[in-house]
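Hello,

Here is the structure I promised to pass on to you. Have a look at it first, and then read my notes below.

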Amino acid sequence: MNTTTTSESTRSVRIGDAFNRVDGLEKVTGRARYAAEYAASGLLYGWVVSSDIAKGRIVAFDETRARAVPGVVEILTHANRPHLPLRDSNYTDEVSVPGSPFRALYDDKIAFSAQPIALVVAESLEAARDAAALLRVEYDVEPHNTDFDAAMREKFEPSKKRSTFAPPKPRGDAKAAFAAAPVKHVGAYRLSSHFHNPMEMHAATVVWEGGGKITVYDKTQGSQNVQAYLSSIFGFPKGDIRVVNAFVGGAFGSGLRPQYHVYLATMAAKMLSRSVRVVLTRQQMFSHVHRPEAIQSVSLATDEAGHLQAILNDATTTTSRFENYMEVVCNWGLMNYACENATGAYTLAPVDTYTPGDMRAPGAATGMTLFEMAIDEMAHAVGQDPLEFRRLNYSEVDAMNDKPYTSKALREAYDEGAERFGWSARSLAPRSMKEGRELVGWGVATGMWDAMFMKTSARARLTAAGDLEIATAGSDIGTGTYTVVSQVASETLGVPLGRITARLGDSDLPASPVEGGSWGAASSGAATQLACRRIALKLHDAALEIEGAPLGKVKFDEVEFRDGRITVKADPSRSVSLAEAMAATGKAVLEEEQTAKSGVGDMVSSMTRARNTHSAIFVEVKVDEDLGVVRVTRVVCAVAAGRIINPKTARSQILGGVVMGIGMALHEEGMTDHRLGRVMNHSLAEYHIPVNADIDSIEVIFVNEPDPNVTPLGVKGLGEIGIVGTAGAVANAIWHATGKRQRSLPVTIDKLL
Ligand code: MOS
């Protein structure tokens with residue numbers, strides 16, 4: 001698993017080969033540039049001023065002292081902002097949600113704490129920051145509520161549909177079956193709000209190109225999404241805005257929707273006809289998108305043998321008062337288990353915060369994780385091993401929609417994961433395993449996510465010199481897209497990796513949706529393959545015309561493109577180099593752009609088949625009861641995600657997801673002071689995420705799951721499945737260690753003491 005490819009190598013790589021990510025060197029040497037690292041002449045620096053209050057209006061600004069700071073160029077507020085459109089539809093984006101999108105500096109109203117209320121623009125960052133501290137604001141304060149329990153009194157069923165939101169679909173009569181069943185479990189589970197905390201702050205450098213054109217270097221998951229958004233709000237024709245996000249220092253969903261930093265930077269650039277950079281502080285990163293807080297009430301019932309008879313799965317998550325952010329929370333448990341009677345209800349509770357949004361496996365990370373804690377309790381109530389209980393209630397089909405899956409190798413994931421973990425040595429009773437002064441617990445949970453596919457275009461360009469460029473507007477948000485498209489291209493055309501350049505993250509390139517939902521590898525990979533295959537067809541045609549017919553009269557599917565050559569499969573002594581084939585085309589460059597969309601290849605319709613990834617997570621914890629400290633000493637995560645493009649980068653995705661899942665279980669918690677309505681632990685010192693010392697052994701298994709029907713490459717996507725269920729497995733292990741159920745995540749020290 002350590003193939004290193006040098007630029008001299010003539011070897012091409014195949015889908016399935018494990019090797020380092022192709023952008024690794026650029027990243028570790030600092031050559032990869034991020035949004036706030038682009039230079040511009042005469043660059044101005046914008047500092048965001050955040051509201052001190054959570055709700056009310058701005059009565060007045062006193063700008064006297066702030067404007068007196070040397071270097072201050074302008075202070076943008078709602079009072080002097082440029083014209084902005086009136087209608088909500090101008091502010092929506094590719095992935096916006098029902099409601100009124102937030103508009104910074106639009107008027108005097110304040111809807112959440114730390115809302116941006118001014119942008120101080122200065123010749124230096126220091127001057128802008130200094131002046132921002134001197135800006136005086138007079139507020140008219142109105143009562144706010146940020147407390148979830150209080151918000152539950154106002155909860156409502158979401159009425160408008162969002163494209164990715166599907167309400168849970170009931171079957172049978174869950175209430176009656178629950179009442180009649182002999183063994184029952186009822187529990188309410190909670191998850192705190194989470195903040196994405198990517199390493200790279202949200203930032204934009206807007207370069208004023210003259211002639212009304214701008215180049216926007218933005219930390220976003222969708223260059224073309226931001227381009228359309230800025231065009232619609234600020235009136236630049238799309239052709240006058242180029243958005244670049246060539247490298248993204250993590251996002252986890254926080255960069256799916258355009259954020260206020262890029263809006264403010266663009267507003268200032270337009271107003272001043274200058275280049276402007278805005279970088280949020282780590283504290284300000286706690287003022288916008290987050291995973292909503294959740295409460296999930298689960299009632300389960302079985303017969304005496306442990307067969308599920310009823311599932312009732314109700315969840316409520318928070319939203320803002322101006323938009324309805326909805327997640328698919330309740331459906332996962334209803335889909336995953338065989339049970340004739342199941343129902344779920346999903347409601348929203350409005351609070352005075354910014355609108356929550358997608359964070360790694362939105363909905364599933366909450367809903368499947370908490371459901372799997374309830375499943376564990378049900379297994380215990382009926383006296384069964386929790387893994388056996390899951391096997392007993394296994395569903396071959398999507399039980400909620402009564403649809404077969406394109407593939408579901410969850411059983412294999414259970415088996416291989418359990419084998420590797422040594423699950424059979426687990427004692428059934430809680431508090432029965434000990435090592436030294438620590439209690440030992442073993443827990444299991446199931447993970448589930450979508451295998452989505454999005455219409456994506458890619459361009460391939462092969463030169464006579466043998467250099468191949470792949471280009472698509474989609475970005476690499478740290479997940480490995482550069483590597484994936486390079487690898488697919490190398491396999492399809494036989495061009496060595498060292499001769500391939502992938503260009504991503506630029507709105508000028510072929511159309512791509514936001515990078516998210518774990519659809520990137522499947523979608524941009526398929527588009528890349530289509531474009532490369534078109535070039536391969538042309539090379540094959542040309543090669544047949546080469547004098548002396550070195551390949552004979554072979555059909556396209558009788559040759560393979562490998563290691564810089566086109567070779568007859570049945571007779572490897574017959575081959576031509578790609579350079580010879582290129583020469584035979586008589587062209588200096590072959591260029592093809594192709595669009596991959598649903599239905600390409602052997603893909604089947606999602607109307608007839610469910611498409612999902614699955615996982616089985618096994619966790620060992622050691623608990624020091626005197627100190628309340630939990631250590632996650634071992635994790636085995638067995639993943640069924642179709643075809644794996646690069647086992648090494650794929651493993652990294654799962655490792656990251658599992659680490660984030662451990663954070664959900666033990667550390668991550670947005671803490672709000674409800675009197676102020678403000679998140680108080682707004683720094684990495686106080687909002688805890690796992691550090692190296694929190695992470696021990698994590699083993700990743702990819703089970704064999706051939707699936708030609710799910711997407712054109714048989715790829716399901718891996719960016720999110722690693723987080724789903726992991727925190728549930730940790731919580732279940734804590735119960736097995738201590739005998740005490742923890743139904744509220746994170747399980748912090750205070751809860752165990
Ligand atoms: Mo993801 S939460 O779609 O970046």
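Is Tyr394 buried or exposed? Tyr394 is buried, because its relative accessible area is 11% (buried means under 20%, exposed over 50%, and partly exposed in between, with a 1.4 Å probe and protein chains only).

Before you go on, a word on the source: this is a predicted model, where local features need pLDDT of at least 70, side-chain atom pairs count only at pLDDT 80 or more, and totals for chains, interfaces and linings use all residues. Residues are numbered from 1 along each chain as its sequence is written, and side-chain values use heavy atoms, leaving out hydrogens and water.

Now the rings. The structure holds 23 aromatic pairs (rings of Phe, Tyr and Trp, the last by its six-membered ring, pair if their centres lie within 6.5 Å; planes under 30 degrees apart count as stacked, over 60 as edge-to-face and the rest as tilted). Tyr394 and Tyr414 form an edge-to-face pair, because their ring centres are 6.4 Å apart and their planes stand at 70°. Tyr394 lies in the loop between helix H10 (386-392) and strand E15 (397-398), and Tyr414 in helix H11 (residues 410-421), so this pair ties together parts that are 20 residues apart in sequence. (Helices, H or I with at least four residues, and strands, E with at least two, are DSSP runs numbered from the N terminus.) Tyr414 is buried, with a relative accessible area of 1%.

Phe556 and Phe561 make a tilted pair, 5.9 Å centre to centre with 50° between the planes. Phe556 is partly exposed at 24% relative accessible area, whereas Phe561 is buried at 5%. Ring pairs also link Phe102, Phe112, Phe322 and Tyr354 into a cluster.

Next, find the open sheet: seven strands in the order E3-E5-E1-E11-E8-E9-E10, with mixed pairing (two strands pair if DSSP finds at least two bridges between them). Its edge strands, each pairing on one side only, are E3 (72-76) and E10 (241-244). E3 and strand E5 (residues 116-122) pair in the antiparallel sense over four bridges, and Leu76 stands opposite Leu119 in E5.

Ser507 is buried, with a relative accessible area of 7%. Not counting residues up to four places away in sequence, Ser507 touches several residues, including Ser223, Ile241 and Ala473 (contact means heavy atoms within 4.5 Å).

Enjoy exploring!
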